[in-house]
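I set down what I looked up, entry by entry.

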Amino acid sequence: MSATLAALAVQITPAAADPDPGDICGQHLQGDILAKYQQIGGETSPLGCPTSDELTTPDNVGRYTTFTGGSIYWSPDTGAHPIWGDIKTKWADQGWEKGDLGYPKGDELTNPDGEGKRQEFQHGTIYWHPTKSNGAHAVSGSIGWVWGAFKYESGDFGYPTSDVTWDRENREYYQNFQGSKSIFHNQEGGAPEGCAKECVGYYGTAPDPEQAGNLINQTRVEFPMAGDMGSWKDTFIVRAWPTRAGRIAGRPLIPVEWDQMWDRVPEPWGMTEDKKDSLYKQFACHVMYVAPKPGGWLGGWSWDLESFRPNISWARAMNPLTNSKCNWE
């Protein structure tokens, strides 16, 4: 009987309480942040151990927890997402969740090249590559739209290599990309050698303007977003800045200068064979009639080519009596 009572006593002894799955490394995690942490591997993930409990963000909307290798941020609209490394540093530099980008809305992803990384936020995306991007940089808005039209980092522009910068002279924002190319958004217009009204576009500059053989120093493509020139998606203006050697090269080097102009930038998405033929004749006209004048050059510092000008005959294009400064109607 004593043995039976002893056995019963053992059976009714309360079991020890299960450990709280949110108690990790001396900190307490909970809810969606805990679930995300467990999903990506917990302590074995790049985040490592938590270094804080769940905290409220300064905007009183979201929640976050810090870790030895990064953080997890949560908001009602975006859910919980980890952020670490150079992408986190760039996000912090731009004001965390209260900055222009807002909260992360996705986890960090690997780009199609298998090397670069990106992370999407509410109002833009941060891109990073170990050797091509010069750190991590956010791309957003109209600049991001143009970049996306050329297939993002896998297209003609490659990775962003700078943050967005204000160009006071041209009154526009621009961002640099690989290969001496930049994408811009001019919200005001009226630049000395640029958009008359609001526009987006891109330009490419010769790596070394003084290098022998550079006939075209810079090529700029503009897409007017308003005005009387029709749909800005199909209408564009190409501006070429020739070097002194390019101005005096003359007729024999017209094809060489034309090719070098397009070496600087990709062709606009609205380019057709008819428009290209018209632009080529406008370009040849500028080359034929360029001449020095006191303080500058006849026709201005850039050769401006407009896609909305008709494709006229060579005889008319080369006749100064039938067009005005190579800008025929």
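Is the crossing of H6 and H7 left-handed or right-handed? I looked it up, and the crossing of H6 and H7 is right-handed, where right-handed means that the near helix is turned clockwise from the far one by less than a right angle, and left-handed means anticlockwise.

Before going on, I noted that this is a predicted model, in which local features need pLDDT of at least 70 and side-chain atom pairs count only at pLDDT 80 or more, while totals for chains, interfaces and linings use all residues. Residues are numbered from 1 along each chain as its sequence is written, and side-chain values use heavy atoms, with hydrogens and water left out.

**Entry on the helix pair.** I found that the axes of H6 (residues 254–264) and H7 (residues 273–289) come within 10 Å and cross at roughly 120°. That makes H6 oblique to H7, since angles under 35 degrees count as roughly parallel, over 145 as roughly antiparallel, 65 to 115 as roughly perpendicular and the rest as oblique. I then listed the residues in contact (heavy atoms within 4.5 Å): on the H6 side they include Trp-258, Met-261 and Trp-262, and on the H7 side they include Leu-279, Tyr-280 and Phe-283. Sorted by class, this contact has 11 nonpolar, no polar and 2 charged residues.

**Entry on H7.** I checked the length of H7: at 1.5 Å a residue, its 17 residues should span 24 Å, and its end C-alpha atoms are 25 Å apart, which agrees. Among the buried residues of H7 I noted Leu-279, Phe-283, Ala-284 and Val-287, where buried means under 20% relative accessible area, exposed over 50%, and partly exposed in between (1.4 Å probe, protein chains only). What covers the buried residues of H7 includes H6, strand E15 (216–224), strand E16 (237–242), strand E19 (303–306) and helix H8 (314–317).

**Entry on Cys-25.** I saw that Cys-25 is not a glycine and yet has a positive phi of about 55°. Cys-25 sits in the loop between strand E1 (23–24) and strand E2 (27–28), and at 37% relative accessibility it counts as partly exposed.

**Entry on Ser-180.** I also looked up Ser-180, which has a positive phi of about 60° although it is not a glycine, and which is found in the loop between strand E12 (172–177) and strand E13 (181–186). Leaving out residues up to four places away in sequence, Ser-180 touches Tyr-203, Gly-204, Thr-205 and Pro-207.

Technical notes:
Axes are lines fitted to C-alpha atoms, for helices over the stretch in contact, and angles run from 0 to 180 degrees between N-to-C directions. Helices (H or I, at least four residues) and strands (E, at least two) are DSSP runs, numbered from the N terminus. Ala, Val, Leu, Ile, Met, Phe, Trp, Tyr, Cys and Pro count as nonpolar, Asp, Glu, Lys and Arg as charged, and the others, Gly among them, as polar. The expected span of a helix is 1.5 Å times one less than its number of residues.
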